[in-house]
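Have the coordinates open as you read.

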Amino acid sequence: MLAPSLFLFAQGAQPPGVSDAMKKLAGWLVVLGDPNQTSELWFGSTLTWIKVLALLSLVGWLGARFAQGIKDRTALSNKFLDIAASVGLIGLFGTSLLNVLQSTKRVNNIDISGVPLTAILGLVFGVMVFVWVEFGLWKAIGGTGRKSDRWVLAGIHLAAIFGVGAAWILQGVTASMLGTERQGGLPFLLLIGARLAPTFMGFVVLFQLTMLFLSEFVAVRPRRLYAIAWQTWVESFRRMQAFWVVMIIFVVVLAFTHWFLRPSDDRVAEIGRQYVGTLSTLCWILLISMITILTPISLPNDIRGMTIYSVVSKPVRRLELIWGRLLGFMALSTLIVVIFGGISLTYLWRNVYLGAIVQTEEAAKKARDQNRLPAAKQLSDQASQLRTRMSARVPVKGSLTFLDSRGTPQFKGIDVGQELEYRSFVEGATPSAAIWLFGDSIPDPYEPTKKRISRKIPVEDFLKANTIESIQDQIVNLKFADARAAGVDPTKASGKEIDKAVNNASKNKQEIDRLTKEYENLNKQAVVFEEQATKLDADQKPAEALRARRDAAKFHSPRVPLEMTFTVYRTTKGRVVGEPVFAELEVTNPFTGEKYNNIIPIREYYTNKELIPAKLLAGSNGALRIVVRCISPTQYLGMAESDLYLLSSSGNFGWNFVKGLLCIWLQAMVLTAIGVFAGTFLSWPVALLTTLAFGVAGVAAFGFLQQFAVTNMAGGGPFESLIRLIAHDNLMNELTPTLSVVAAKTLDSLIMPVMTRLVYIVPNFSALDVSNTVALGYAVTTPILLGNIGLAFAYVLPFTVTGFFILKSREVAA
Amino acid sequence: MSSDVIIETRNLTKVYRDFWGRPKVQALKALDLKVHRGEIFGLLGPNGSGKTTTIKLLLGLLFPTEGDAFIFGEPTFNVAKNERIGYLPEESYLYKFLNAEETLHFYGRLFKISKAERTKRVGRLIEMVGISHAKHRQLREYSKGMQRRIGLAQALINNPELILLDEPTSGLDPIGTAEIKELIKDLRDQGKTIVLSGHLLADMQDICDRIAILHRGELRELGKVSDLLTVQDVTQIKTTDLSESVLSEVRHVLDRNGVKYEVDHPTTTLEELFLRIVRESDQHPGRRRVAADIASKPSVADDELASARSK
Ligand SMILES: Nc1ncnc2c1ncn2[C@@H]1O[C@H](COP(=O)(O)OP(=O)(O)O)[C@@H](O)[C@H]1O
Ligand SMILES: [Mg+2]
């Protein structure tokens, strides 16, 4: 109930009876306060980032002050309050136990004059703990804190009040929107307040930290950064011998790789992918292992060996100690990546390009010369597959608009009210549809009547020269030019009218005739093979039939790959989990009217691939119209503009490989930041383990962890899952509320809120990893690259700055 | 605060705590000190008396449990003050994988010094502390005394106004000690302020203008060395070539006045003797001084001498 109403504001819905200003205010309060909502404008993700930082700062700040208070014996000094707080904590645990018992129907719901007992108990025990926390904080900060800390503490309280005020406004707006009284009373108000206030409180802390950081930042000097970086660099070489170790392992493994990855004759086409994949993985593993070992031990060693004394007694800023190290390690990573990249590219050039592609092509040519046509065909196929993999295919994207369930054009599809969903939906078995337009001049979906934009398909990248389709394309284009010259609009006129116009206009006639002859010639040859194939099929000779088909295909351009990734929103559960929802795909060439239809089972989280006949592009002038409908009744398909695209095969592989290496470099940078950060407060073995844990969590478990943060996991939290695991229970069954189940659910309800927040600090290495994209021959596009760079810095900055605050507040000589 | 006061501590107190915040050692108790411009100030005390703790507190490497410390009138956590400070840690903890030149350039880069000026200073300091012959060797190959020397050089790379030296002579041979003492006096003559700590009384006595004596973290004595060491009720007369007849006349006069007295030949310190031997043998190489009353094992002395010279 809470979430959808908040969502409504974020979406900018039009509640009746609420003034525009009020609505805007409510919207902003939600966008700024709720960590799970964000603006759809360009700064949306940055805003989320800031909100997460604010929340983490708040937790860190409170935790640090409180720990300080306990260490200085200023907190925990009041026996009475300490006992009250312990009672409060136990009481809170009991309350959530009661809550679980009630929700599993083991205990009847108890209300006291209309308010649930659990709410009242929660409030009372909460206040007991709250008073203790307040007391501890004021004492800790009153005792040793600086003046700015007192300001922040006051600011936090103001922000908390502001948060409740915001909740009050939202409650009011919701009420007048629904035309009812304020709902839920005080508990509900506190509930919304509890969701918004921490963010606002966090902003206060974040502001103080930002100010402190900036005053440090302006004092940073390049020469000192350089000095620290230089020292780190030399240490890695002379003390750790890291560079040499890594290089030797690389060369040794490469020698073995060469030995293992001999191209076997039947899977020659795979060799490119294997080599590229192996090389990037090798580079990744070596670099990441080196960083994991090297970075977390650097600062602890410096502190333990007391070499840091003579450094920090110079005018070095603490931030410089961290950033300087980061730079030094990144210089080392850069050197290693450059060397790895150079060796890898040379290796790929020799083994895949010269070794596999060129050789296969030569073998094909030889076979052709010796008139062994089937073998020639097979070889040249292999060569072309190899070439595809050793390229950087680029997605060609169109512009998306929708038809709603009544068939009316809309800018957005249907909103199914899911939070965090940027896709909009088409409803099954209705006229509702998603339409992607490609072309030189198509209506801008934002302002369809006023503006036009270009989403032209680079046809020449798709149609192979001297194939039936490319000749077709030329003929159509010439005919259209003639028709236009004769004053006939080729897109509206019938074929006969066009032909008449073309025959009358003599300009391109000769050329058209020549091309037509060539076209017919090629077509005849292709048809011969196709007929042969049909006959061979009938004779039960599938292998030969296949070969004949391949021969026929040689006269055609390859089919155009189309990829789609849709989400599914089910209003009724399918019989089986993961049962596909069906989509109808219709591709039209708007100029020639050529059409292609198919029905595809859509699987969630899959990239659905479809191959479109190349002839659809002939005479298209780079324009296509692709319509997707959902044909499974009562189900919805969710899609956004970038979810459907054609794949063109242009793009330089070498450059793409370098971009892949850059992304490995970015991962190394993030891990370096974490390693150095861990070293600011942990001894080296613990720092090493911490860095390792971050790395493993980010690489292996990020998707899983993210689910904690976003949705409730199927099968409950960690403790409930454990019980299911032990009991071999299905994820979907509601567990019988035995004692252990109740206990597990209670623990989960206490732990989940913490877990979901902690997930944010685990870096998403899988998002930064593009090695598979490169190995499969897809281009790492500029938006992906920029996004990854942004993401990497979004991790590096907070980790290094936190490291700075820790280093600043600790005694390096204790 | 007058600009003449370089260091001031007020009620400076340090309690070392364990991980849980339980107090472990009270290393410094309510120290009140002022160090003035241009003096050599000695922190004297036995091991574990809180000298190093005091210096670390002054540099902001440790945070005071109570009280305040100011350098140049600024609080100690202010990093910018380090521009004008040189510090030699108790042991020269330097990066062992750098050579002497690299070390000095590294520390020099942390200050705002032009490259030309830095190169000049590095050369001069290496010369001054006497390790020119080993300047391209990594510090891991250095002896303790050599490390001490390069440590001193790095403390002077920024031509500091205030120099904090924690046991500067520990690990040095007597020649090195004497050289360092000379150097410290030179620096004072250039108008620099120097704070040094130590437990070797003789060393401190020679060079310090004022000393503070710490014991178990408490300040026991503070004042001018000459004042502290003067024994007011004893008078000493030193002469050379005093003949027996003159001596008996003096005795006679003293006896007549009823003064209690002792007469003997002064002894020299072993340090002074050692220095004299080295100096003499430098002037007359090859000549062995046979002095059974001084050294029972001349060969040992020779070894020490040889190694001292090679440094
Ligand atoms: N890091 C530390 N942790 C705990 N106690 C320490 C630490 N450093 C010094 N101490 C204690 O503080 C006292 C003073 O030490 P220190 O200042 O090093 O003495 P000094 O330099 O005069 O020899 C000693 O008792 C010593 O054991
Ligand atoms: Mg000491």
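A:Ser344 is a buried residue, with a relative accessibility of 2%; buried means under 20% relative accessible area, exposed over 50%, and partly exposed in between (1.4 Å probe, protein chains only). This is a predicted model, in which local features need pLDDT of at least 70, side-chain atom pairs count only at pLDDT 80 or more, and totals for chains, interfaces and linings use all residues. Side-chain values use heavy atoms, with hydrogens and water left out; residues are numbered from 1 along each chain as its sequence is written, while chains are lettered from A and ligands numbered from 1 in the order in which they are written.

A:Ser344 sits in helix 12 (residues 318–369) of chain A. Helices (H or I, at least four residues) and strands (E, at least two) are DSSP runs, numbered from the N terminus. A polar atom of the A:Ser344 side chain lies 2.7 Å from the backbone oxygen of A:Phe340. Beyond its neighbours within four places in sequence, A:Ser344 is in contact (heavy atoms within 4.5 Å) with A:Phe250, A:Leu279 and A:Phe657.

**Chain B and its helix 2**

Moving over to chain B, you will find 10 helices and 10 strands. Of its 311 residues, 44% count as buried. Among contacts in chain B with a separation of 6 or more, 67% are between residues 24 or more positions apart.

How many residues of helix 2 of chain B are buried? The count is 9 of 10, so this helix is mostly covered. Among the buried ones are B:Leu104, B:Phe106 and B:Tyr107, along with B:Glu102 and B:Arg109. Their cover comes from both chains, and includes helix 8 (222–238) and helix 11 (308–312) of chain A as well as helix 3 (115–128) and helix 4 (144–155) of chain B. At the N-terminal end, B:Asn99 caps helix 2 of chain B, with a side-chain oxygen 3.0 Å from the backbone nitrogen of B:Glu101.

**Ligand 1**

Which chains contribute residues around ligand 1? Chains A and B both do, so the site is shared between chains. There are 13 residues around ligand 1 (each with a heavy atom within 4 Å), and B:Gly48, B:Gly50, B:Lys51, B:Thr52 and B:Thr53 come nearest. Strand 2 (23–36) and helix 1 of chain B each supply at least two residues of this shell.

| Residue | Residue atom | Ligand 1 atom | Distance |
|---|---|---|---|
| B:Tyr16 | polar side-chain atom | nitrogen | 3.4 Å |
| B:Gly50 | backbone N or O | oxygen | 3.0 Å |
| B:Thr53 | polar side-chain atom | oxygen | 2.5 Å |

The protein covers 70% of the 560 Å² of accessible area that ligand 1 has on its own, by the Shrake-Rupley method with a 1.4 Å probe; for residues, only the protein chains shown count as cover.

**The magnesium ion**

B:Thr52 (OG1) and B:Glu90 (OE) coordinate the magnesium ion (ligand 2) at 2.0 to 2.6 Å. Donors are N, O and S atoms within 2.8 Å of the metal (3.2 Å for Na, K and Ca), and water is not among the atoms, so sites may look incomplete. The pair links distant parts of chain B, 38 residues apart: B:Thr52 belongs to helix 1 (residues 51–59), and B:Glu90 to the loop between strand 6 (85–88) and helix 2 (100–109). B:Thr52 is buried at 16% relative accessibility, whereas B:Glu90 is partly exposed at 31%.

Note on methods:
Polar contact = N/O pair within 3.5 Å; in protein donor to acceptor, adjacent residues only side chain to side chain.
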